[in-house]
Every structure is written in C-alpha cells, then in structure tokens.
Amino acid sequence: KLNQLGYLPASAKVAVVPGTENGARQFAIIKAGSNDVVQSGTLGVAQWSSDAGESVRLADFSGLQTPGRYQLRVEGMPDSLPFEVSANAYAALNAASIRAYYLNRASIALDAQHAGIYARAAGHPDTQVLVHASAASAARPAGTVISSPKGWYDAGDYNKYIVNSGISTYTLLAAYEDFPDFFRKQTLNIPESGNGKPDLLNEALWNLEWMLTMQDPNDGGVYHKLTNLSFDGMVMPEKAIMPRYVVQKSTAAALDFAAVMATASRVYAPFDKALSQRMLAASKAAWQWAQAHPRDYYQQPKDVSTGDYGDKDVSDEFAWAAAELYISTGDDAYYQAMHAPEVQATVPTWSDVRSLAWLSLARHRQQLTGAADQQLIASRVTTLSQRLANQWKQSAYGIVMQTGDYVWGSSAVALNQSMVLLHGYRLTGKREYLDAAQSGLDYVLGRNAVDTSFVTGQGTRSALHPHHRPSVADGIDAPVPGFLVGGPQPGQQDKKDCSVPYPSSLPAKSWLDHACSYASNEIAINWNAPLVYVSAALQAIK
Ligand code: 9MR
C-alpha cells in the first residue's frame, strides 16, 4: 500500500507491506511492468495495527531519487500499484484539488471550455433568498427577500454554510500566503484565468463574494447558513429548486467571517485596494457584533433539517478572529483580545479553529508588533508538531493517524495534521516534521488500510462513488474529479440509508465507496482545503 501518485525525488518514500513474523523480509523496487530491479531493501519489523486489524511492515525506499515509473515487489505477493518519482509529482493533484471548487460553484453554468465533460447548467441563482423567522430583525423581518449569490456548495449537498466556509476559504488563502510564488505561476483554466490574479485567489473570491452578502449591513451580524429547509434529492443543481433561506445569525458565523475577511483583506490588498478595505470593514463589523452577542449559539430551527455546524464553544473562534484582525491591522488591542496564553494548539477542524490563530501568527511573525509573544507562538506550533511527529514514529502504518482520528471526515484530519507539521517544518527546518507531513498525503493517496486513493480521479485505484449530487446525477461514470472523500470512520451513521453493508467496522477500514455513504464517502470544501495546502506545500518545498 503506497502513495499511488508517487513522490518528489527528495521526499521520504514509504510503503506498507502486509507482514507476519514469518513473512518476507526483503523488498525490491522494479521499473513498472518489468523485472528490472533498481533498488532492494529490508522490510522493517512486523507491527500490529489495531485500527486496520493486521500486522504490517514498512518498506523505506527514500533513496530512490531517479525520476521514473516503478512498482514495489515483495516475494509471494502481487506487485504494488505503479507510482512515479517526479519533480512534478503533485502539480496536477494540486490543480485538480482547486478546480474541484470551481466544479462545485453555485450560481454559475460550468461551460465546456472550463469544465470539459463536467459542464452543466447553472443552479441556485440565490438572488431571491428569504429571511427565515430565526433570522428576523426589525430591519429585515421574516420573509424579507435578499440576494446572496455565488459561493461553493458545501459538500455533496447544495447548501452554503458560513462556519464551514470560514476554515475552508482561510486554508486556501493560507496556502497562498505561504507559497505565493507557486500559485503565481499556476493557471487552472477557470473563467477568471488570465485576469492578473493568481487562480487560487480567483477561486477563493467566488466564495468570499458570497460570504460578504451573508452579513446584515444593518448590524454587522452574519447569517449562519443559506439553505433549503431540507436536503435535495440526488439531482443536478438546476433541478434543485426548493426555496432558499438565510437562517439565524450566530456568534460562530460572525467570528469565522471576521477571521476570514481580515485574512482576505491583506491577501487581496495588492490586487484591489477597495475590495481589501471593504473586507476589513466587514470583518470589524462582524467582530463588533460578536462582542455584543458572545453566546448566540446556532440552534437548528424545527422546520430546518440540513447540516447544522453547531458549536457551543466559541472561545476558539474569538481567538482566531482576534489574531487575524491583529495581523491585518497591527492594533495591539486585538492581540490582547486573543488571550493568547489561554489558547492551546490542536489540529484544526471546522469546530476547532484555535490553531489557525497560531499558524497565522507564525506565518507573519516577522511583521508583528512588540505585543505578540514570539516565544509562545513558536512553542505552540512546534509542541503540537512534535506530538504529531511522535505519533507518526510509533505508528505501524508510519502515519500520524490514531484510533480517535477516524472521525467523520477522517481524510481531512490526516491532511490537517500534515498542514500543522508543515508549519512546524517552516519554523524549525526539522526534517522529521516534513517526513511526517508527507505521510499524511501518502495516507490519502493510498497508503491506508483500504489500499485506495481518497481523491477522485487521482491514482490507479481511487474512490469512485462519492456522496456528491452532481457525481451521482450527471450521467457520467467517473466522479467529478479532484475531491477528497470523507474516509473511514466507525460511526456508520448512514447505515440506515445504505442498502449495502460496510465491509468492516475497524476504524481504518470502515469505509463504503457508495453514494449512499454520507458518513464515509461525502466530499466537502473543508476537506479539500488541506489537500490544496499540503499538495502545494510539498510541491513548492520539493
Ligand atoms: O463535517 C461535518 C461533521 O464533522 C459532522 O460530524 C457531520 C454530522 O453533523 O456533519 C458534517 O458536515 C456535513 C454538513 O453538516 C452538511 N454538508 C455536508 C457535510 C459533510 O458531511
């Protein structure tokens, strides 16, 4: 089991080989489809993986640096899937992972020039959206019609959620801030290509423009989501025409919005001064609203049954918004408002964004005012990186993932771990952080218990049936490409909706490649985002 795309010449290269005490001890790397051995080596000791329910050995062939197409051979077993060593190993993957956002855009037709066989009619204009009773105010009573077009569909469903848009859009902007040269050279064949902005920023702007419309100009509050009352059937976007609502203003939405708009204001400043200023003003207004409404947790209304992204601890959202506003304005009051000494570092998820503050502060450490505690910033990032690297060293599969990491969207846990490690690497230059980060990308591209790439269209054996409405309804066999599927997790919350059983209940094997499986095989914008970050980072660092 290995990364089916392959490796950059200088990267760590590790495969997982089934192994018992009595099993084979040697491996060989052969030229793909031949018997030409280019390298041989000794397998590591057999180690039991309880998550995968098997004993495995690791094959380390990091010394293989000559570009080419290879397979791994162990006596008595079928050869591995082919993989490449190439100086461009992740360039196409990164492009596909960003283009997936384009292919998930609301309010626009995808034309053949940019979408190829995935061209489709426009869906969800969202120019006539109703204010739901839960969001009613004096200025905008229930039933008021507002316009809130653009944005990305959140996932396999067609709704748009501010909380999840927050971390997703931020992660794309963070990738740009960390690797601007890589993205300046990249063109993605999206409608805006060639307009003078890097395409990653063109794509992110599609969602930022939507997010801006989710702020009530009367008070700065931000609606939690724009949604149908219930999920659509598995139909194409233009067939999904149920009425759309903006639902309840929430503290989490206001703060995630504030954080992303503050980030965006500095990223877009060189390209569009007026837009940048508008974003910063929107960020500050949302921050102010949250100060006045510190505990307006999202409460799903009785008549709404779509995703809730509910979160009853918004201390992390406060810290993150404060940090981004501090970085973008240089105003020490925001740093104080972060309460930095009380903020720990954790692997980011949509509901736990505290570390996004640390990652941003670390990224901008050379420009911060004297108010910032430089030592604390570095130690938060490196302490978490070290903990993740220790997990990696102890794992039978040579990955960071542990039993508790196999949650809904586990694939993105692996990549968010890698994203943290890459920040640790950028701060310290410690090679083990880079190698541990590589293992997360290897994991989603095939070095996992089900021997499958979790990215549609990437790798010889990849997920084929994501829970993604266009992939199901477009009449094309191959799923829409470039999407990371959720991945194994033993919760199996969709069992009742699936006519086929999961193949296993083991944490690392509880994955069902079937469109019914929203709990293990959906796609989502927050899961693709660390794929964009990590594939760009590894390709850019080389
Ligand atoms: O990613 C979300 C996961 O953490 C939750 O456990 C799960 C159930 O509440 O919801 C996931 O988010 C879904 C959202 O609510 C609606 N769009 C699809 C998302 C991915 O499955």
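Student: In which sense do strand S9 and strand S13 pair?

Tutor: This is a predicted model. Strand S9 covers residues 129–131 and strand S13 covers residues 245–249. Val131 has Val246 of S13 as its bridge partner. S9 and S13 are joined over 2 bridges, and the sense of their pairing is parallel.

Student: Over how many bridges do S3 and S4 pair?

Tutor: Strand S3 spans residues 26–31, and its pairing with S4 is antiparallel. Within this pair, Phe27 stands opposite Gly41 of S4. The number of bridges between S3 and S4 is 5.

Student: Are H3 and H6 roughly parallel or oblique to each other?

Tutor: Helix H3 (residues 162–178) packs against helix H6 (residues 251–268) with the axes 9 Å apart and at an angle of about 20 degrees. Angles under 35 degrees count as roughly parallel. H3 and H6 are therefore roughly parallel.

Student: How many charged residues does the contact of H3 with H6 have?

Tutor: H3 passes H6 in a left-handed crossing. The residues in contact include Ile162, Val163, Tyr170 and Glu177 of H3, and Ala252, Asp256, Phe257 and Val260 of H6. By class, the contact has 12 nonpolar and 3 polar residues, while its charged residues number 2.

Student: How are H12 and H15 oriented to each other?

Tutor: The axes of helix H12 (residues 410–428) and H15 cross at roughly 40 degrees and come within 9 Å. The crossing is left-handed. Given that angle, H12 and H15 are therefore oblique.

Student: How many nonpolar residues does the contact of H12 with H15 have?

Tutor: Among the contributors from H12 are Ala412, Leu415, Met419 and Leu422, and among those from H15 are Trp527, Pro530, Leu531 and Val534. The contact has 4 polar residues and no charged residues, and its nonpolar residues number 10.

Student: Which residues of H15 make the contact with H13?

Tutor: Helix H13 (residues 431–444) and helix H15 (residues 525–541) pack at about 125 degrees, with axes 11 Å apart. These two helices are therefore oblique to each other, and their crossing is left-handed. H13 contributes Ala437, Gln438, Gly440 and Leu441, and the residues from H15 are Val534, Ser535 and Leu538.

Student: How many charged residues does the shell around the ligand have?

Tutor: The ligand is surrounded by Asp154, Ala155, Asp157, Gly307, Tyr309, Trp408, Gly409, Tyr518, Glu522 and Ala524. By class, 5 residues of this shell are nonpolar and 2 are polar, and the number of charged residues is 3.

Conventions
Residues are numbered from 1 along each chain as its sequence is written. This is a predicted model: local features need pLDDT of at least 70, side-chain atom pairs count only at pLDDT 80 or more; totals for chains, interfaces and linings use all residues. A residue is near a molecule or strand if its C-beta atom, placed from the backbone, lies within 6 Å of it. Ala, Val, Leu, Ile, Met, Phe, Trp, Tyr, Cys and Pro count as nonpolar, Asp, Glu, Lys and Arg as charged, and the others, Gly among them, as polar. Axes are lines fitted to C-alpha atoms, for helices over the stretch in contact, and angles run from 0 to 180 degrees between N-to-C directions. Helices (H or I, at least four residues) and strands (E, at least two) are DSSP runs, numbered from the N terminus. Angles under 35 degrees count as roughly parallel, over 145 as roughly antiparallel, 65 to 115 as roughly perpendicular and the rest as oblique. A crossing is left-handed if the near helix is turned anticlockwise from the far one by less than a right angle, and right-handed if clockwise. Two residues are in contact if their C-beta atoms, placed from the backbone, lie within 7 Å. Two strands pair if DSSP finds at least two bridges between them.
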